[in-house]
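This report was prepared for readers who wish to examine the packing of a protein model alongside its sequence. Please refer to the structure shown here while reading.

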Amino acid sequence: MDSHQEKPEAPVVLNNPVPVRHPGRWISAIIILGVLALFLQSLVTNPNFRWDIVGTYILDTKVVQGVGWTLLLTVASMVLAIVLAILLAFMRQSENPVFRWSSWAWVWFFRGTPVYTQLVFWGLIAVLYPKITAGIPFGPEWFAVDTSTVITTTAAAILGLGLNESAYLAEIFRAGLKSVDRGQEEAAEALGMGKTKIMWRIILPQAMRVIVPPTGNETIGMLKTTSLVLAVPFTLDLTFATNTLANRTYLPVPLLIVAAIWYLVITSLLMVGQHFIEAYYGKGVDNLAPATINPAAAKAAAAVAPSAAAEPALKMDFPEEEAK
Amino acid sequence: MTITTETPLVRIEGLHKFYGQHHVLRGIDLEVNRGEVSVVIGPSGSGKSTMLRCVNLLETISAGRISVDGQLIGYRDVKGRLHDLKTKEIAAQRREIGMVFQRFNLFPHKTALYNIMEAPVHVKGQSRDAARKRAMELLDRVGLADHAGHYPSQLSGGQQQRVAIARALAMDPELMLFDEPTSALDPELVGDVLNVMKDLARSGMTMIVVTHEIGFAREVGDRLTFMDGGVVVESGDPQEVLANPQHPRTKEFLSRVL
């Protein structure tokens, strides 16, 4: 592609072939667009949507507070889950068989039971263990507190969601750590790096490339799983807030739309955040310092042959011919 | 050019390596003096890479002893009984030994400059400025000063390997191990890497080089060792071994590669 022409050559006459026609594509596109148009029309003309009610409640105090609580539950339970998942993934790789076994058992249990069941369970923890005590087993007690003062409904919701999620994330982290070439660890070992430094500075940053996309998926999933905290019962989240309003107004459809709009807005924001995190951890692999891309060269190459424009921008990165 | 001191820098005695039932190394003895370039050749599967990897404990030592600069590698000798060293102690021993891999193994998420600075800053605790200055000097030495900001994926194989050599040198090792450093390279890129290695050899670095580059052995090697089937078949002055191999297996191998 890099031309080495010294002497002027005869201008290239491009083939410019007549492309194959695709009538099937046109027909299917028209059908899809037609259905979409009908749906959009119904949104406007069907009075049962009650857009006026949607407008009234979209910024309702209860709804906005519900959005806040849903966000808090999502963030708090994901943070808890990520911390636990890193720990579980490290334990799973440990040379200590007790660590490996307990990590496996944790994943087995929390992935193997429904999150709804776990949420109900955390809500009932005070019934099962009325007091939390510290002391020596079968020996003296140092202090004791009522479980219900420590595990509030908020704490129960976060624990229920976070512990369940940690099991899934642990598997994602384990896959990520395994995806890093063994040679990376050897190179770091040969430089005299300690185990902890190798993990945090060499292995994990590379594993993150594999870990971030599914974790983003899980975060978006968690956003919507928070609607199950009613099981605890936790009654301040977005879904509970809109359901309450729907029951009060006997207008379930517009309030479901209110909730759906908010979930979509938050999901969209999370996707933007994920994009930037992916770019950060893709450094050197997917994300090759955009500053080195030479737009002039790309343009020149595209002018020579139209098909060259379809070549990955990556190729323009290396001015030297010696680069692969 | 051999600077002879009292004891060799590297001494390998009766080294054995088992992978389960598979007996890979069957009693290797090798000595490398300070400032010497010791080249090891042999067919694939002869155990030459395994031996090299034992020297910095990327492989555990099944039997025998390796010492570098008088220090026993991987063990502590307490009244004749060997005790495993702790991970931290092993890491400290590895700091004195640089290693260059066949597959380069640069850190893909760091630029050439940061690949080189990583260990001086985060292992030795050098200041960033000092490490950066030294890294730039080393990049210049391997002819890549203008590639400091490139990620490994933006470098050719030969360039990556030269950065890898600079990365190992940044720790100021007293011994450099090369594990088939040119075997993964396109033929036209081999020369640049070999030139860097020759320059290093002439500067007095002690090197053990596992390679298929016979020309390199002849030009800068102080000693050539031919391994086959997990044993040292023949060892001596490179010119003599290459011109007049004594063992039929050496003859056969050389007739195929020369």
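## Nonpolar cores

The model is predicted. In soluble globular proteins, nonpolar side chains tend to be buried together. Here the largest nonpolar core comprises 81 residues, and the members that touch the most others are B:I12, B:L15, B:M51 and B:L175. The greatest contribution to this core comes from helix α8 of chain A, residues 153-179, which supplies 11 residues. Another core, of 50 residues, lies apart from the largest one and includes B:A112, B:I116, B:A166 and B:V196.

Beyond its neighbours within four places in sequence, B:I12 is in contact with B:I28, B:D29, B:L30, B:M51, B:V55, B:R65 and B:I66.

## Helix α8 of chain A

Helix α8(A) consists of 27 residues. From its first C-alpha to its last, α8(A) reaches 39 Å, close to the 39 Å expected at 1.5 Å a residue. A bend of about 30 degrees occurs in α8(A) at A:A167.

## Helix α6 of chain B

Helix α6 of chain B, residues 187-202, contains 16 residues. Its span from first to last C-alpha is 24 Å, close to the 22 Å expected at 1.5 Å a residue. After α6(B) comes B:G204, which has a positive phi near 100 degrees.

The buried residues of α6(B) are B:L189, B:V190, B:V193, B:L194, B:V196, B:M197, B:K198, B:L200 and B:A201. Of these, B:V196 is also among the members of the 50-residue core. Within chain B, the buried residues of α6(B) pack against the strands β3 (37-41), β9 (175-179) and β10 (206-210). They also pack against the helices α4 (128-141), α5 (157-169) and α7 (214-220).

## Aromatic pairs and charges over rings

Over all chains, the structure holds 9 aromatic pairs. The ring centres of A:Y280 and A:Y281 lie 4.9 Å apart and the planes stand at 85 degrees, so this pair is edge-to-face. A:Y281 has a relative accessible area of 25% and is therefore partly exposed. A separate grouping is also found in chain A: ring pairs link A:W106, A:F109 and A:F110 into a cluster.

A:K283 is placed over the face of A:Y280, at 4.6 Å from the ring centre. In chain B, B:R103 lies over the face of B:F104, at 6.0 Å from the ring centre.

Note on methods:
Residues numbered from 1 in each chain as written. Chains lettered and ligands numbered in written order. Predicted model: local features only at pLDDT ≥ 70, side-chain atom pairs only at ≥ 80, totals over all residues. Heavy atoms only, no water. Core = buried A, V, L, I, M, F, W, Y, C linked by side-chain atoms within 4.5 Å. Buried < 20%, exposed > 50% of the residue type's maximum accessible area, 1.4 Å probe, protein only. Helix = DSSP H or I, 4+ residues; strand = E, 2+ residues; numbered from the N terminus. Contact = heavy atoms within 4.5 Å. Phe/Tyr/Trp six-rings, centres within 6.5 Å; stacked < 30°, edge-to-face > 60°. Lys NZ or Arg CZ within 6 Å of the ring centre and 35° of its normal. Expected span 1.5 Å × (residues − 1). Bend = angle between axes of the 7 residues up to and from the residue.
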